[in-house]
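Here is a short briefing on one protein chain. Have the sequence and the structure open as you read.

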Amino acid sequence: MICPKCGYQIPDSAKLCPYCGADCSTGSYINNQASQVFDKAEQELGSAIGEVKQSLNSNNNNNYQNNMNYQGDPNYQNNMNYQGDPNYQNMNYQGDPNYQNMNYQGDPNYQNNMNYQGNQNYQNGMNYQNGMNYSNNPGNIPAYAGERLKDDRGLLSYILLSIITFGIYGYYFLYKMAHDVNIACDGDGEKTSGVAAFIILSFITCGIYAWVWYYKIGNRLAANAPRYGLVITENGTTVLMWLIFGMLICGIGPFVAMHILIKNSNKICNAYNRAHGLI
C-alpha cells in the first residue's frame, strides 16, 4: 500500500511507515478516508449555501427601487431636489450662452463621427451580431455574459440539503443547473426547460417527463463538450439507463444518474468560465 503522508510504497502489513513514521494501520486509514469525505461534504455544503445566499441577495438588490426609492425619502423635496437649489436657475444649461454651440445638434461631426449609425465601425466591429456573437468566435463558444457559472456542485450537498429542506432545495438545484447549462450551451439550438415545467409536466405525466428532462440535458452536455475541447462519454442514454435499471441495484441508480449530470455540468461550466476569464 501507499503511505498517505509521504507517498512511498510500504508493505501491506506495516502499521508504521518505515520512511516517515506515519500511522498506516487500518483504523488510521479508515479515519483519514472518513475525514476526507466529511471535509468534502462541508465544502460542498458551504458552496451550496453560498449560492442560495447569493441568489437571495440578488433578489434583494432587484427590490432596491421599491424599498429605497429616493421618492420615499422625506428629505427628497427639501434637500435633494435640484429645484430647491438657489443656483438652479444660474446653472441651468438653458442659461448657458454656450448651450447652442455645445448642443450635439449643432456639432457638424455629430452625424458623421458620434452617431453610431454613421460610424463605419458599427456594422463591422462593434455590432454584437458580427463581432461578439458566438458564431464567429473560435470553438463556437457563447459570447461573454458577465456571469460566472457555478462549477463546484456536488452530490453530497444535493442529497443533504434536499433532505433538510424536504425536497425544496432539490428543485432549486435543478433550476440553477438548467440556468447555467442554458448559458454555457447557448447557440446549440436547444433550451433546457426550467423547474416550473419540470414540476408541472412531471406531475401530469406521472414522472415520465422527469426522465425525459434528465435524458435531454445529459445529451446536451455531451454534445456541447467538443466546443470547449472536452470529451464527455456519458450521454443521455447513460443517465436514462441508470434512472430506470439502476433502481434494481439497491435504489442507487437515480443518485448515480445525478452524479453524472453534476460532474458533466461542472466540466462545461468550468470550461465556460475559463474561456471568458472568469476564474
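Is Glu 234 buried or exposed? Glu 234 is buried, because its relative accessible area is 18% and the cut-off for buried is under 20%. The model is a predicted one.

**Salt bridges**
- Glu 234 pairs with Lys 263, with the closest N and O atoms 2.7 Å apart. Lys 263 sits in helix α14 and Glu 234 in the loop between α12 and α13, so the bridge ties together parts 29 residues apart in sequence. Lys 263 is partly exposed, at 28% relative accessibility.
- Arg 153 bridges to Asp 180 at 2.9 Å between the closest N and O atoms. Arg 153 lies in the loop between α8 and α9, and Asp 180 is in helix α10, 27 residues apart. Arg 153 is buried at 6%. Asp 180 is buried at 2%.
- Asp 188 meets Arg 220 at 2.8 Å, N to O. Asp 188 is in the loop between α10 and α11, and Arg 220 is in helix α12, 32 residues apart. Asp 188 is partly exposed at 27%, while Arg 220 is buried at 5%.

**Helix α10**
- Helix α10 covers residues 168-184. Its 17 residues should span 24 Å, and the end C-alpha atoms are 25 Å apart, which agrees.
- Of those 17 residues, 13 are buried.

**Positive phi at two cysteines**
- Cys 206 has a positive phi of about 60° without being a glycine. It is in the loop between α11 and α12 and is exposed at 73%.
- Cys 250 has a positive phi of about 55°, and it is not a glycine. It is in the loop between α13 and α14 and is exposed at 76%.

How values were computed: Residues numbered from 1 in each chain as written. Predicted model: local features only at pLDDT ≥ 70, side-chain atom pairs only at ≥ 80, totals over all residues. Heavy atoms only, no water. Helix = DSSP H or I, 4+ residues; strand = E, 2+ residues; numbered from the N terminus. Expected span 1.5 Å × (residues − 1). Buried < 20%, exposed > 50% of the residue type's maximum accessible area, 1.4 Å probe, protein only. Salt bridge = Lys/Arg side-chain N within 4 Å of Asp/Glu carboxyl O.
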